[in-house]
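These are my notes from going through one structure, feature by feature. I wrote down what I looked up and what came back.

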Amino acid sequence: MTAQDEGHSKAKERRHRSTIARLSFRLRRLYHGNRPKALRFQIVVLFVDLAIIALFVVTPVIRDTDYYLTIDYTVAAILSIDLLARAFAAREFLRWLRQPFVLIDIFILITLLWPYTFINFGFLRIVRLWALSQSGNLWRPLRRSHWAEYELALKAVVNLVTFLFLATGFIYTFFFREGSGIEGYLDALYFTVASVTTTGYGDITLDGPGGKLTSIVIMIIGISLFVQLAQAIFKPPKVHHQCPQCGLQRHDPDAVHCKACGYQLNIPDDDS
């Protein structure tokens, strides 16, 4: 190879790296930026995420239909594109790849690509709702509106809904059999809600020691989530204002000093 050819090759490689760097920068601005274009993109991604989660919820109902695989592979394609885009947007790929929310999405993608092989783990897809809540993507638009004070209550609702459908999927997967009293997904959901609320009608029960242990776990966790929801609803609302000293973000509306470090705050009055 001549010196001229080597120079052309290096220039082509630099252009290629520059193109990838520009693409990564643009995706990073879309996923994490605050400009109007980025905010619109984030809202679209959020609605797509919520639509995917809604499909996960109804999967046991549509699993035996002719169009199930079409929907399943379509969701897999959307999730793959989203994962690839987020990977390009990440500053450090390996650090991004080790994040729990990314690992959850990769596991969900595997269950979508091989739906019948991993049929017993399909109910874990609802965990994506919890991961979406914990990642902050679900609440970022809310924090920019006047509904920010309801974030804790909505987080408690998301945690409760996630647990309800996770427990329902587990019961439907491992306890649905002839003579069990659970004749479909709706029966499993009915049993879960009755157990979580400690109503205990008794018309549907889970057989064996495993069934008893499952019922105990559902009741204990369910009561805890209900208490968390009640506290979030009835506790005085907090305001978002980051403390310059320690970084605490939630304070009482009339707080003068940060309760964590004592730094004097200057929380703006929304009415002024």
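This is a predicted model: local features need pLDDT of at least 70, side-chain atom pairs count only at pLDDT 80 or more; totals for chains, interfaces and linings use all residues.

Entry 1, surface. I found a nonpolar surface patch formed by Leu69, Tyr73, Leu103, Ile106, Ile110, Leu113, Trp114 and Tyr116, with about 710 Å² of accessible area together. Helix 3 (68-89) and helix 5 (100-113) are the elements that give two or more residues to this patch. Helix 5 gives the most, with 4 residues. I checked leucine 103, which lies in helix 5; its relative accessible area is 45%, so leucine 103 is partly exposed.

I counted 5 salt bridges. Aspartate 72 pairs with arginine 125, and their closest N and O atoms are 3.6 Å apart. This pair links distant parts of the chain, 53 residues apart: aspartate 72 sits in helix 3 and arginine 125 in the loop between helix 5 and helix 6. Are these two buried or exposed? Aspartate 72 is buried at 3% relative accessible area, and arginine 125 is buried at 4%.

Next I took arginine 86 and aspartate 82, a salt bridge with the closest N and O atoms 3.0 Å apart. The two are 4 residues apart in helix 3, so about one helical turn separates them. Arginine 86 is buried, with 18% relative accessible area, and aspartate 82 is buried, with 9%.

Aspartate 105 forms a salt bridge with arginine 128, with 2.7 Å between the closest N and O atoms. Here too distant parts of the chain are linked, aspartate 105 being in helix 5 and arginine 128 in helix 6, 23 residues apart. Both aspartate 105 and arginine 128 are buried. I then saw that Asp49, Asp82, Arg86, Asp105 and Arg128 are linked in a network of salt bridges.

I looked at phenylalanine 107 and phenylalanine 121, an edge-to-face pair at 6.4 Å centre to centre with 85° between the planes. Phenylalanine 107 is in helix 5 and phenylalanine 121 in the loop between helix 5 and helix 6 (127-135), 14 residues apart. Phenylalanine 107 is partly exposed at 30% relative accessibility, and phenylalanine 121 is partly exposed at 41%. Separately, Phe123, Phe170, Phe174 and Phe175 form one aromatic cluster.

The largest nonpolar core has 20 residues, of which Leu160, Phe163, Ile171, Ile182, Val196, Leu206 and Ile218 touch the most other members. Helix 8 (151-175), helix 9 (185-196) and helix 10 (208-234) each supply at least two residues of this core. The largest share, 9 residues, comes from helix 8.

I found 0 disulfides. For cysteine 243 the nearest cysteine sulfur, that of cysteine 261, is 3.6 Å away. A disulfide needs the sulfur atoms within 2.5 Å, so cysteine 243 is in no disulfide. Cysteine 243 is buried at 2% relative accessible area. Cysteine 246 is in no disulfide either, the nearest cysteine sulfur being that of cysteine 258, 3.6 Å away; cysteine 246 is partly exposed at 40%.

Most residues other than glycine have a negative phi. Threonine 198 has a positive phi of about 55°. Threonine 198 lies in the loop between helix 9 and helix 10 and is partly exposed, with a relative accessible area of 46%.

Key: Residues are numbered from 1 along each chain as its sequence is written. Side-chain values use heavy atoms; hydrogens and water are left out. Patches are made of residues with over 30% relative accessible area and no salt bridge: like charges are joined within 9 Å, nonpolar side chains (Val, Leu, Ile, Met, Phe, Trp, Tyr) within 5 Å. Accessible areas come from the Shrake-Rupley method with a 1.4 Å probe; for residues, only the protein chains shown count as cover. A salt bridge is a side-chain nitrogen of Lys or Arg within 4 Å of a carboxyl oxygen of Asp or Glu. Buried means under 20% relative accessible area, exposed over 50%, partly exposed in between (1.4 Å probe, protein chains only). Rings of Phe, Tyr and Trp (its six-membered ring) pair if their centres lie within 6.5 Å; planes under 30 degrees apart count as stacked, over 60 as edge-to-face and the rest as tilted. A nonpolar core is a set of buried Ala, Val, Leu, Ile, Met, Phe, Trp, Tyr and Cys residues joined through side-chain atoms within 4.5 Å.
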